[in-house]
Amino acid sequence: MEGAELAGKILSTWLTLVLCLILLPSVFGVSLGISEVYMKILVKTLEWATIRIEKGVPKESGLKNSASVGIIQRDESPMEKGLSGLRGRDFELSDVFYFSKKGLEAIVEDEVTQRFSSEELVSWNLLTRTNINFQYISLRLTTVWVLGVIVRYCVLLPLRVTLAFIGISLLVIGTTLVGQLPDSSLKNWLSELVHLTCCRICVRALSGTIHYHNKQYRPQKGGICVANHTSPIDVLILTTDGCYAMVGQVHGGLMGIIQRAMVKACPHVWFERSEMKDRHLVTKRLKEHIADKKKLPILIFPEGTCINNTSVMMFKKGSFEIGGTIHPVAIKYNPQFGDAFWNSSKYNMVSYLLRMMTSWAIVCDVWYMPPMTREEGEDAVQFANRVKSAIAVQGGLTELPWDGGLKRAKVKDTFKEEQQKNYSKMIVGNGSL
Amino acid sequence: MGSRGSHAARIPDGDSIRRETGFSQASLLRLYHRFRALDRNKKGYLSRMDLQQIGALAVNPLGCGVGNLRVDFPGFVRVLAHFRPVDDEDPGMRDPKEPEPLNSRMNKLRFAFQLYDLDRDGKISRHEMLQVLRLMVGVQVTEEQLESIADRTVQEADEDGDGAVSFLEFAKSLEKMDIEQKMSIRILK
């Protein structure tokens, strides 16, 4: 049957192309420059689209420029200034104005909840999903958009899915094979090779363009690497440039298979769900891991949850109590080409991956930073904050003292008691009773 | 998706809300987006749970007093309208037959009065004063200290000697205060 033969021929040509152009170079870590050309074309197209939109939109509707500005004008004066009224510091009926105003300001706009939804773009990047405020401009723009949809869904998506499939299977098979070997430097070298190759294939499966800065500070063996967390892809991005030992919970399903295979080839630290609750056990195992200088550096995300890459939230102190050298890494995605943030309450893993694979590309910058250690007289919380500030400054992100766990949980009462204490000191501590 | 174009017709009762509260179309739209973002399960109203997720609200001492009920979007905007900065228009131009705008001085005072007057009987009794004070200071202040603060405050404001503060007495005690500045939230363009 001619149809089947033709299809078979196309498929084999396709696979050979993929093999030569993508898989082989991944093994050697070489790039053929195809992605660079793609990115150049993409950038030019998006610039053209932006100019068209700006020309097309009338000047009065300044809505789209409001994406990066706050909703309300905030008055950040401390409680003392905000409360001072006619008389000195005693309680007065007007004190309630301050608290109600602050409360309503928080309802209208607070720093935290906006971090759990995707960053708004300043100008449209021709993806349907980011089209919130943008209106119909011109036929040409719509044609380009339709073309974009076709390219993304019919050309890029199959390619990427194929690559991802190949990448993951290679990883599982490769690590299982390497795991059969006895412990030796050959095994380590082979396992590194397998890990790196498969990660490079997977990154290409997302059309990832990553810039690494300051490679001289790449995390060394026996250290702990900490980074800000935006999505599960962070792991891929970091492992493309070096091998890490990962820490995490044992999952079921596909993730579980991958985890079990990986741990055969090189010692990752996987915990059972029940073990995660026991903090001393976790700390002990991690300490043992880094004490062995031959083992790979541990990769930890101290925020504990995915944040939308505009800010860095509180670092949990657990990772900083282990001791050892901390190698901070800052990761910043460029939202223009594809939004990498995983909003786990909105999308599950599969739909998230599909969204990733139908974006234009994933572009990000990775900055390695000089190692830090805990200083004398500094406790784990202060150390964690110090590292957090360094990462925020390097990545150009804002810093928030709030806990990323607020995505799901309530604020602890201790914070409210702080505010109440401050207020009480004011109205009682002034001896006019 | 396919949300092409944004206009007040997308907001249910958008025009009537705009007239009642005086917000501009752009401001109303931003508040609507915020309302939708807070309303996590798309119920159409904000429950106590939705508001509790806001960190900065949960640490506000008055935070538990806010939102015991379900708040739908018109209600949400109406409350915020009280905090709209007073327009700089010439007061003589306003049509005296129209109802007073929500952000007038009197209405702002009424809003604040209701934060104290928990049973809505038109008077702030000593007991209500104590309750609100207790909310604001938590466990940091003893009962005696709190009682003396409450007594003093009620006595100073109370003019007709009935042991409670009516709305007029409340307004009178705050007549020198710049309410407009203290109770204003300006929405950026």
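These legends walk through several close-up views of a predicted model.

**View 1. Chain A as a whole.** Let us start with the overall layout of chain A, which has 13 helices and nine strands. Of its 433 residues, 47% count as buried. Look at the contacts between residues at least 6 apart in sequence: 76% of them join residues at least 24 apart. The accessible surface of the chain comes to about 21,500 Å², and 62% of that area belongs to carbon and sulfur atoms.

**View 2. Two stretches of chain A named in a record.** UniProt, in an unreviewed entry, places the feature "transmembrane region" at residues 12–34 and 161–181 of chain A. Follow the chain over residues 161–181 and you will find that 95% of it is helix and 0% is strand.

View 3. Find Val27(A) in helix H1, which covers residues 2–28 of chain A. Val27(A) has a relative accessible area of 30%, so it is described as partly exposed.

**View 4. The largest nonpolar core.** This core has 59 residues, and Phe97(A), Phe73(B) and Phe170(B) touch the most other members. Helices of both chains each supply at least two residues, including H4 (95–108) and H13 (413–428) of chain A and H9 (167–173) of chain B. The most comes from H4(A), which gives eight residues. Now zoom in on Phe170(B): leaving aside neighbours within four places in sequence, its contacts include Leu93(A), Leu109(B), Phe113(B) and Tyr116(B). A second, separate core has 37 residues, among them Tyr212(A), Cys225(A), Ala227(A) and Phe301(A).

**View 5. Two asparagines with positive phi.** Asn214(A) is not a glycine, yet its phi is positive, at about 55°. Look for Asn214(A) in the loop between strand E1 (208–213) and strand E2 (224–227) of chain A. Asn309(A) also has a positive phi, near 70°, and sits in the loop between strand E5 (298–300) and strand E6 (311–312) of chain A. Are these residues buried or partly exposed? Asn214(A) is partly exposed, with a relative accessible area of 31%, whereas Asn309(A) counts as buried at 4%.

**View 6. A salt bridge between two loops of chain A.** The side chains of Lys215(A) and Asp241(A) meet in a salt bridge, with 3.6 Å from N to O. Lys215(A) is in the loop between E1 and E2, and Asp241(A) is in the loop between helix H7 (233–239) and strand E3 (245–249), so the pair ties together parts that are 26 residues apart in sequence. Lys215(A) counts as partly exposed at 41% relative accessibility, while Asp241(A) counts as buried at 12%.

**View 7. Two further salt bridges, one in each chain.** In chain A, the closest N and O atoms of Arg386(A) and Glu375(A) are 3.6 Å apart. Arg386(A) belongs to helix H12 (residues 380–395), and Glu375(A) to the loop between strand E8 (362–368) and H12, eleven residues away. In chain B, Glu143(B) pairs with Arg134(B), and their closest N and O atoms are 2.9 Å apart. Over all chains, the structure holds 13 salt bridges.

Methods: Residues numbered from 1 in each chain as written. Chains lettered and ligands numbered in written order. Predicted model: local features only at pLDDT ≥ 70, side-chain atom pairs only at ≥ 80, totals over all residues. Heavy atoms only, no water. Helix = DSSP H or I, 4+ residues; strand = E, 2+ residues; numbered from the N terminus. Buried < 20%, exposed > 50% of the residue type's maximum accessible area, 1.4 Å probe, protein only. Core = buried A, V, L, I, M, F, W, Y, C linked by side-chain atoms within 4.5 Å. Contact = heavy atoms within 4.5 Å. Areas by Shrake-Rupley, 256 points an atom, 1.4 Å probe, with all protein chains shown as cover. UniProt positions renumbered as here; feature names shortened; annotations may be inferred. Salt bridge = Lys/Arg side-chain N within 4 Å of Asp/Glu carboxyl O.
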